[in-house]
Amino acid sequence: MFKQAFIFLTVILFFNLPAQSQKVAVILSGGASRGGAHIGVLKALEEQHIPISCIAGTSVGAIVGGLYASGYTPDEIEKMISSDEFQKNASGLMYEEYVYYYRKEEPNASWVSLDVNPKKKITSALPTSLKSPFMIDFRFMEMFAPANAAAGGDFDKLFIPFRCVVADIDSSSAVIIKKGDLGSSIRASMSIPFVYNPVILNGKLMYDGGMYNNFPTNVAADDFKADVIIGSRVAERYDKPDPEDPISQLLVMLMGKQNSTIPYPNSVLILPNVPKIDLFDFSHTSVLADSGYAAAMRSIPAIRQLVHDSATAVELIRRREKFRNKQPELIFDSIITNGLTRAQNAYVKQVLKHGKQLVGMKELRPGYYRFIDEGFVKTIYPEARFNPASGHYDLLLDIRLADKFSVDFGGNLSLGTVNEAFLELRYKLLWSKALHFLANGYFGKFYASARLAARMDFNSKYPWYIDLSYTFNHFDYFKNSTFFFDDKTPSYIIEREYFGDISLGLPLTNAGKLGIDFTYAFTNDKYYQSNQFTRYDTADQTGFNFFAPSVSFELNSLNRKQYANAGARLKISIAYVNGHEDFLPGSTTIGKNEIEAQLDWFSFRVLYDNYFKTFGPVKFGFYGEASISNQPLFSNYVSTLIHSPAFQPVPESQTLVLPNFRALNYGAAGLKVVVRVYKKIDYRLEGYLFQPYQAIIEDPVTNTANLGPVFSDRSWMASTLFVYNSPLGPVSLGVNYYDKSTDSFNVNLNFGYIIFNRSAMP
């Protein structure tokens, strides 16, 4: 009886065994942002229940294929790649929320910055990539590490088996990657030479697989042994370089030619209708996905002639969820660095973990980008390696620090008087703390300056810094006399200031900081009270020794340090000044008595600059400024003006002493219109109203200063100019108007920045 039952069951099982299923391979070509069409192809295949047994790709095909093999649905892949986040990743742009304004140096007149290392060749200082890889590297780790952990680094054990193609430039051959770190393999496959830096796999530099195999149909036949091959090709053959696009020219030289057909039987080639778009513009992903979907749907009849099996939606969902449930969450319990000293390693761990035992992506991400933003890193490559023993991940960081020395060059070239050169030397040291040292100088007839500074950053959970500096500033307004006073006023003035400063700062937001400053300064000004003097006369002198603690809050997201056209800036400061004035009269002054006085006051200042409205190429902005103070008058009119707050919204106005735009208490506001004329060329029109509470008025008999009636006077300032924002700095040509000046109109042509070291007076 038992024997008969066994035979019966054996026969039933034999006749019910299914026929061996077909192995269907999907091959995705390279093609940069055009690879969005691959997503639509996968979506159509799923909707038509075409079973995908395995998948392979090169470059962007590796990205889309790798995401699909990791268990992401086509809709999820489309949403991911079309997002602004991925666009920033691919473009190498840092997220604004992770760029900390508080650690940025004060703006200067620099055009270019170069790292300096006398032990290295000059060529090693050249950039290895046009786009920063920091963002995309970290994003790939985040996207692919969980699936890689679930598969144990074996690409055959992913949701579906996967292969990607990379280029080994040492052996000048294509390499098929089937195991290892999934994110690193895909990142290597998209490393277009000189666009993205290469990735080290198994000790070798690996580049974009498209250099030798941009449409890897051979992988389906030779590696997967596929019965049916479905290929999606979106890349051009790179045989017609664009004369205006150096990237396309580079691709022609470096990328291998690809087949126009699939040279294997039982295959279907899908050719989506791909528009001509920028290779790194992923904003068209949804449109491209629709194109790929339509092309795949047109090919379904041909595919169905070869593929007889079907994959139901229910079974696909079940398999996908089963694989996803195997993926461990990205939680890190250890950080392992390569390329750092013990003290530097401790610093990095503190920045990333803040003493915690476990950190997830939410805590790790801001610390990681904050560390990059400090400027110590030349290259950093992250890898998340799952540790089955702990159930968490190890974060492996291969770090190469930037050169310690760097030099900045810049200045301003002008047809007017503000010609200057700028040089800054910087030294940065990553220790158990972050240390920065700088020395800079401005060299010109109108303005000369020198500054020494040292800064230490404390990157605890709540970071802060301390900055020590010493500055010398020298302004010579001799050539600018026509904009100083009218006919009966001084013909020149020289300002000198020497001051030391201790600053403490901490971020209140990523774009803002709270600063506490303690300044001790000595200023010495030389000037004439009248134009009636000879070369034998001596000028008046005012010395002012003072101590000034201050507190400020600043938000700054302006996109440029001069001639911005986007973003906003808000600065609020409160200061106390206590000092000693010493006036020494010259040979032409009425009354020859030396005057000494003790002066002290409080001041409150606010500045608001915002570009807020856009209508096509036209952008509108608003600028407002106010000063409230109980500052007393100095011993004479000129010294009172020199030490009074000045309204200087136009760069050239900083080079002039304009009495009508100086007051102890004032409010000012203006509107700005910026029109994008062509690419980096803007036309700017600005107008401002300056309203003093009480104007500073001169007593012509005694040369002393008095305050005028309340709200008795006001002045206008306007500017119209064209600006070309070149890679080195702005080139501007325009006309400024200063109300109630002897020469109200000022024509200016400048190349560079009219930016100076900070002044002593808060």
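Start by selecting Lys 561 and Tyr 753: the charged end of Lys 561 sits over the ring of Tyr 753, 4.4 Å from its centre. Here a charge counts as over a ring if NZ of Lys or CZ of Arg is within 6 Å of the ring centre and within 35 degrees of the ring normal.

Before you move on, a word on the model. It is predicted, with local features needing pLDDT of at least 70 and side-chain atom pairs counting only at pLDDT 80 or more, while totals for chains, interfaces and linings use all residues. Residues are numbered from 1 along each chain as its sequence is written, and side-chain values use heavy atoms, leaving out hydrogens and water.

Next, pick Arg 455 and Tyr 465. Arg 455 lies over the face of Tyr 465, at 3.7 Å from the ring centre.

For a ring cluster, select Phe 422, Tyr 442, Phe 446, Tyr 447, Phe 475, Tyr 477 and Phe 756, which ring pairs link together. Rings of Phe, Tyr and Trp (its six-membered ring) pair if their centres lie within 6.5 Å; planes under 30 degrees apart are stacked, over 60 edge-to-face and the rest tilted.

Finally, go to Phe 443 in strand β16 (residues 434-444); strands (E, at least two residues) and helices (H or I, at least four) are DSSP runs, numbered from the N terminus. Is Phe 443 buried or exposed? Phe 443 counts as exposed because its relative accessibility is 51%.

Terms used
Buried < 20%, exposed > 50% of the residue type's maximum accessible area, 1.4 Å probe, protein only.
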